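Here are my notes on the model, point by point. Please read them with the structure open.

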Amino acid sequence: MRDNEWLYRGRLGRFVEELVVPNLYGDRHPLTLTAWPVPGEPVPFTEAVGQAYTPFEVGTPWGRGWSTLWLHLTGSVPPEWRGSPYEIVVDLGFRKHLDGSQAEGLAFRPDGSILKAIEPFNRYLPVEDPDHIDLYLEAAANPEVAVGGSWHPTPFSSLATVPAEDLYVVRTLDLARRNLDVWELNEDIEVLAGLAEELPPDLPRRAEIVVALNEAMDAVDPRDVAGTAGRARAVLERVLARPANASAHRVVATGHAHIDSAWLWPVRETVRKCARTFANVIALCEEHPDLVFSCSSAQQYAWVKRFYPELWERLKEKVAQGRFVPVGGMWVESDTNMPGSEALARQFVMGKGFFLREFGYEPTDVWLPDSFGYSGALPQIGVAAGSRWFLTQKMSWNETNTLPHHTFWWEGIDGTRIFTHLPPVDTYNSRLAAFELAKAERQYAEQGHGTLSLVPFGYGDGGGGPTREMVAKAHRTADLEGSPRVRIGTVNDFFAEAEAELAHPHTWSGEMYLETHRGTYTSQLRTKQGNRRSEHLLRAAELWATTASVRAGLAYPVDELRDAWETVLLQQFHDILPGSSIAWVHREAEANYARVAGVLEGIITGSLAALTGPGEQRLVANSAPVALAGVPAFAVAPATGPATGLTVTTTDDGWVVDTGAIRAVVDAGGLVPSVVHLATGREAVAPGRRFGLLQLHNDRPSMYEAWDIDGHINRMVTDVTDAESVRLVTGTDQQATFEVLWRFGDSAVTQLVTFTAGSAAIDYAFDLDWHEQRTLLKLAFPTSVFTARAASEIQFGHLHRPTHANTSWDVARHETVAHRWVQVAEPGFGVAVANDSTYGHDIRRDHAGGTAPGTTVRLSLVRGPRFPDPETDQGRHQLAVSVVCGADIADAILAGQRLNQPVRELRGANPVAPIVAVDAPGVLVEAVKLAEDGSGDVVLRLYESLGTRSAGTVRPGFGYADVQRTDLLERSIGPDPETADDGAVAIAVRPFEILTLRFRGVRRE
């Protein structure tokens, strides 16, 4: 007769709770404690150690939110304990079941070296000298920010709103003797009981485990648990010794600690989280020779190098041993939807550059387990940076559809493929629990073709990393009947074996669109604007600094540019740029963007002054890769007068504006019901609709407030049609501008609508005084264009998405991301919408009046979520949008460049010829810079922008010795391009191909 499982479960739960856990430790011995509360922000050990400490007792409350308490621990181990295992046990007041956002600690020796960290599920410190315990513990009162869910406003979002009361009470801080047999028994039980729950109820193996666990409980004397735990372990030996099935799934388990570079804590706290996690990993590596730890984000290594030099030296030793393994090759685990082309490339240039300089090691994987969707440009960028493999876990968060593969080729918009793995365990924070291993085996989509998946294990999001309990689970499941086979290994181990094993992997083509977190394209407008402005200022600063270095001998500002790039790249982290962090993070980001802008403006101004020389001639500088305002790309030319010929006619219900390219009607409500493209005679506005319509949506997502825009918002929309005032403020033969004032709720919008002579564009400038919360403001352009797809700019090109909703994949894609422009087109006619601040869009098939098919383009301008930042987006914003009629892709690109990289007016003596000119249709220069190695070589990064093959020449405006084709890290990859006697370089590129050229031996003027 089988054992009664209902009774067994109840008995086992009580056995563990009442007998096992309380006996993990035996005798206790107090330590002497003194404390010093830090009066403000955290201080380094060198400052804390010299403070006046006062007596402190266990049971004392401590820690206002975000504060720090230094504890001094002294004492000695009782003589009778010598020869038995013991350690210091710490409970700072930890909340049960919460591993990330709560108290943490870091222990220092008196000389300032780091011993180990304290985390909610890693609560022990080793004793190095039993006769003289002397430690300092930096305790961080990090608050639980997400109290009650991910939509309730929190007082811990900003230092200014933190409540005064203490959050924690120190419960335990003493010496304790370990009962190792009890600890091992606890691990045996966790593995076997977890395994039994995952096995089918009628399987003999399950019954065998249940019987063994019952017998193990029988073997323990409740009066002497420590003395009889060994007997229970002996009972379990036979069931733990049974080998895994020959066909069992195989798992490579790699130690991991996902550390968000900012999220529900500020960047300064991430620095300390890195030190805590890295210290614990290094200590655990000393205890377990087989442990390896995979760690991404060069920025986090750089923090440890700067702020914890002693720990850094030990970390370098572990890297050299192959135990602490850099992965990902990026500066941070960035968002990949919104960073611009060069910025996403620089994530790898800066990240891999750091790892190569510091360790002589280059990660060959792209490690982005938690970013909110993946750009179709990423395969080419990763491969161009020297990477072979890609890993993500986030696609398992899809709300509607399941990605059909776990190990596959991912093909980008240019055709580049990268070998990709989506761990079927569906987490990057595994504890190696039985249910997780069973899930990995059950869900693995390549069954029958492959046998291997990766499991990153360790506490994460807020750091922490692997623990000795997790390592114990890995050892017990290395070869255990009923479980996948687990072996600890590196990411490289996994990918090399998986790639060799799968003969014919499937291919996923295009972007990996995440069917959730669509609100991250819009939340925190100021952060997004800071990113967009910084990217274009960096491009201009590098362009003019390079030109000034070559033409005027000006020193290239290496340090200033590197610092600016590191700041911008950090803030592209996948919880900063997406707008999903606490207020503290975003206000700090805005201040950083302002600082970066000041530095870059100084570089641009100084470089242009050196190039043009002193003088009073009115000049115009064009930093864009296309001609603007009559000035060639990358040139400085004399200013010219604007075009003329615009007319404005007043009618009974508004105005008619004729620019010579379009004829538009502006009605008395400030909207545009008609735009006729004069060259084709096409009406651009859908019948009965109006361009420039503002729409308000009730924006209360089901779960993640700052992250999500749910599809149900489209059932709750209010059109803003009652303008408070509409007036023509400028009406000349060069330009007409209308000012429209809207008021709704507690907000006001001042909108300028501008028409320019000779232009097919209508420019919208918005001054938003926004005070709505949990409300989304969209801007609509209902076009007459009937098309099955829309083009959206992404990095190094664009992609097409359906405008219909035929499939569940189409329906789920109800909010999408684009960079500077989107475009919808029929053969022979199109409409483009460009922006200077916006990423979130929705573009859908529309039937005006139920009869005339068209396509509506909408931009998501601003939101008002209340978590994690209760005041998200409140206040003033300025942003610009331009709609261009009769636009093809090249026109859309031009419109995006005009808004984001406008020409600069300046005074000087001389024009400046372009440092480079490109004569190849659709090929744009993305970056002009000096080489990273300080050689003075000039590096150009180009790409094909139209989605077609192109060939032509690149003509540098300087002499050089030779030119190489390189990867993103500026290493020669060949074949080198052919050059003509005049220095012109012949190029040929496929659709959306990235091409990096390095000109060596540059001759400076």
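**Notes on the model**

1. Ser 453 is buried, at 0% relative accessible area (buried means under 20% relative accessible area, exposed over 50%, partly exposed in between, with a 1.4 Å probe and protein chains only). Ser 453 belongs to strand S20, residues 452-457. Helices (H or I, at least four residues) and strands (E, at least two) are DSSP runs, numbered from the N terminus. The Ser 453 side chain makes a 2.7 Å polar contact with the side chain of His 249. A polar contact is a pair of N or O atoms within 3.5 Å; within protein, one must be able to donate a hydrogen and the other to accept it, and residues adjacent in sequence count only if both atoms are side-chain atoms. Beyond four places in sequence, Ser 453 is in contact with residues including Arg 250, His 421, Tyr 444 and Phe 494 (contact means heavy atoms within 4.5 Å).

2. On provenance: this is a predicted model, where local features need pLDDT of at least 70 and side-chain atom pairs count only at pLDDT 80 or more, while totals for chains, interfaces and linings use all residues. Residues are numbered from 1 along each chain as its sequence is written, and side-chain values use heavy atoms, with hydrogens and water left out.

3. Thr 68 lies in strand S5, residues 68-75. Thr 68 counts as buried, at 2% relative accessibility. Its side chain is joined to that of Arg 272 by a polar contact of 3.2 Å. Setting aside residues up to four places away in sequence, Thr 68 also touches Trp 36, Pro 42 and Glu 138, among others.

4. The largest nonpolar core has 269 residues. Such a core is a set of buried Ala, Val, Leu, Ile, Met, Phe, Trp, Tyr and Cys residues joined through side-chain atoms within 4.5 Å. Trp 70, Tyr 764 and Phe 999 are among the residues that touch the most other members. Not counting residues up to four places away in sequence, Phe 999 touches residues including Asp 937, Pro 956, Tyr 960 and Val 985. A second, separate core of 30 residues includes Phe 56, Leu 73, Ile 118 and Leu 175.

5. Strand S44 (residues 875-885) is largely enclosed by the rest of the structure, because 9 of its 11 residues are buried. S44 runs antiparallel to strand S35 (residues 761-770), with 10 bridges. Two strands pair if DSSP finds at least two bridges between them. Tyr 764 stands opposite Val 881 in S44. Strand S41 (residues 829-835) also pairs with S44 in the antiparallel sense, over 5 bridges. Here Val 831 faces Cys 885. Cys 885 counts as buried, at 2% relative accessibility.

6. An open sheet of 6 strands has the order S31-S30-S36-S43-S42-S39, with antiparallel pairing. Strands S31 (717-720) and S39 (816-817) are the edges, each pairing on one side only. S39 is joined to S42 (residues 840-848) by 2 bridges. Thr 816 has His 841 as its bridge partner in S42.

7. How many disulfides does the structure hold? There are 0 (a disulfide is a pair of cysteine sulfur atoms within 2.5 Å). For Cys 274, the nearest cysteine sulfur is that of Cys 295, 7.2 Å away. Cys 274 is buried, at 0% relative accessible area.

8. Helix H16 has 30 residues, 583-612. Gly 613 follows H16, with a positive phi near 75°.

Notes. Expected span 1.5 Å × (residues − 1).
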